[in-house]
Amino acid sequence: MNLTGKLIVVIAATSVLATGAVTATAQPTTDVPSASHAAAASPVALVFVKNAKDPSNSTLQVWNGRTRVATYRAGSGLGTAANNGTAKGKQSRNECVKNVGWLPNGKYRPSSFETSRNKTIKGYAIGLPAKNCYPRKTERNALFIHSEMTRDRKQGPRAGADSPQRWDGVSDYKSNGCIKLHPNHIAQLFSYMNKHGRAALLTVR
């Protein structure tokens with residue numbers, strides 16, 4: 001029996017990034033398209049580990065299966081080492097305080113991956129679903145993993161002490177609840193996802 005039109009698909013094994021932290025001195029990756037081609041069952045996952053002593057110095061880990069391929073400094077909420085133990089500091093570490101507290105613990109399925117977002121948050125942005133905090137069941141919404149940059153992923157002009165489209169320093173790790181990364185690091189994250197697949201899961205703990 002003759003068979004015609006046979007198609008042989010060769011799946012090449014891809015290598016992963018070396019395990020360990022990536023410093024903020026790395027060069028940003030520009031013109032990285034969205035990972036729209038990536039399979040839905042991606043092995044890539046993110047883990048945000050809170051630092052109660054200094055929420056602005058927490059970490060975002062990038063995993064590919066059981067291999068941790070990168071660790072970035074990240075922040076969520078308005079907590080810092082300076083306000084640890086104060087009334088303001090307690091609020092910023094309370095996941096039920098909207099626009100002040102850090103992200104609620106739990107699992108999130110990222111809902112969008114944008115490289116040229118042009119709203120209040122600009123440039124690279126990973127959308128997260130709304131989540132109720134514990135134990136008050138207050139809904140936290142408008143949640144993202146993002147940085148500070150322009151729509152085209154560049155650094156905007158300096159405008160006062162805190163430019164919303166420019167990374168001004170470690171104070172920019174503070175947020176209204178979103179997870180924030182250095183511009184170079186979120187660029188590296190998108191570059192990695194473009195090769196290995198979108199992050200299918202975010203765990204916050």
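**View 1. Serine 147 is a buried residue of this predicted model.** Its relative accessible area is 4%, where buried means under 20%, exposed over 50% and partly exposed in between, with a 1.4 Å probe and protein chains only. Serine 147 sits in the loop between E9 and E10; helices (H or I, at least four residues) and strands (E, at least two) are DSSP runs, numbered from the N terminus. The serine 147 side chain reaches the backbone oxygen of leucine 181 at 2.7 Å. Before you move on, a note on the model: it is predicted, so local features need pLDDT of at least 70 and side-chain atom pairs count only at pLDDT 80 or more, while totals for chains, interfaces and linings use all residues. Residues are numbered from 1 along each chain as its sequence is written, and side-chain values use heavy atoms, with hydrogens and water left out.

**View 2. Glutamate 95 and lysine 50 form a salt bridge.** Here a salt bridge is a side-chain nitrogen of Lys or Arg within 4 Å of a carboxyl oxygen of Asp or Glu, and the closest N and O atoms of this pair are 3.8 Å apart. The pair links distant parts of the chain, 45 residues apart: glutamate 95 belongs to the loop between helix H1 (87-92) and strand E4 (106-108), and lysine 50 to the loop between strand E1 (44-49) and strand E2 (58-64). Are these two partners buried or exposed? Glutamate 95 is buried, at 12% relative accessible area, and lysine 50 counts as buried too, at 16%.

**View 3. Two further salt bridges involve arginine 117 and arginine 158.** Arginine 117 pairs with glutamate 114, with the closest N and O atoms 2.9 Å apart. Arginine 117 counts as buried at 13% relative accessibility, while glutamate 114 is partly exposed at 25%. Arginine 158 pairs with aspartate 168, and their closest N and O atoms are 3.3 Å apart. Both of these residues lie in the loop between strand E9 (143-146) and strand E10 (179-181), 10 residues apart. Arginine 158 counts as exposed at 56%, and aspartate 168 is partly exposed at 22%. The count for the model comes to four salt bridges.

**View 4. A disulfide joins cysteine 96 to cysteine 133.** The sulfur atoms are 2.0 Å apart, and a disulfide is defined as a pair of cysteine sulfur atoms within 2.5 Å. A search of the whole structure finds one disulfide. The torsion about the S-S bond is about 105°, so the disulfide is right-handed. Cysteine 96 lies in the loop between H1 and E4, and cysteine 133 in the loop between strand E7 (131-132) and strand E8 (139-140), 37 residues apart. Both cysteines are buried.

**View 5. The largest pocket holds about 560 Å³ of space.** A pocket is an open set of points on a 1 Å grid over the protein atoms alone, where a 1.4 Å probe fits, with protein on both sides within 12 Å along at least five of seven lines; lining residues have an atom within 4 Å of a point. The lining has 27 residues, of which Thr120, Ile121, His146, Ser175 and Asn176 lie nearest the centre. E8 and E9 are the elements that give two or more residues to this lining, and the largest share, three residues, comes from E9.

Conventions:
Grid points are joined across faces, edges and corners, and a volume is the space filled by probe spheres set on the points. A polar contact is a pair of N or O atoms within 3.5 Å; within protein, one must be able to donate a hydrogen and the other to accept it, and residues adjacent in sequence count only if both atoms are side-chain atoms.
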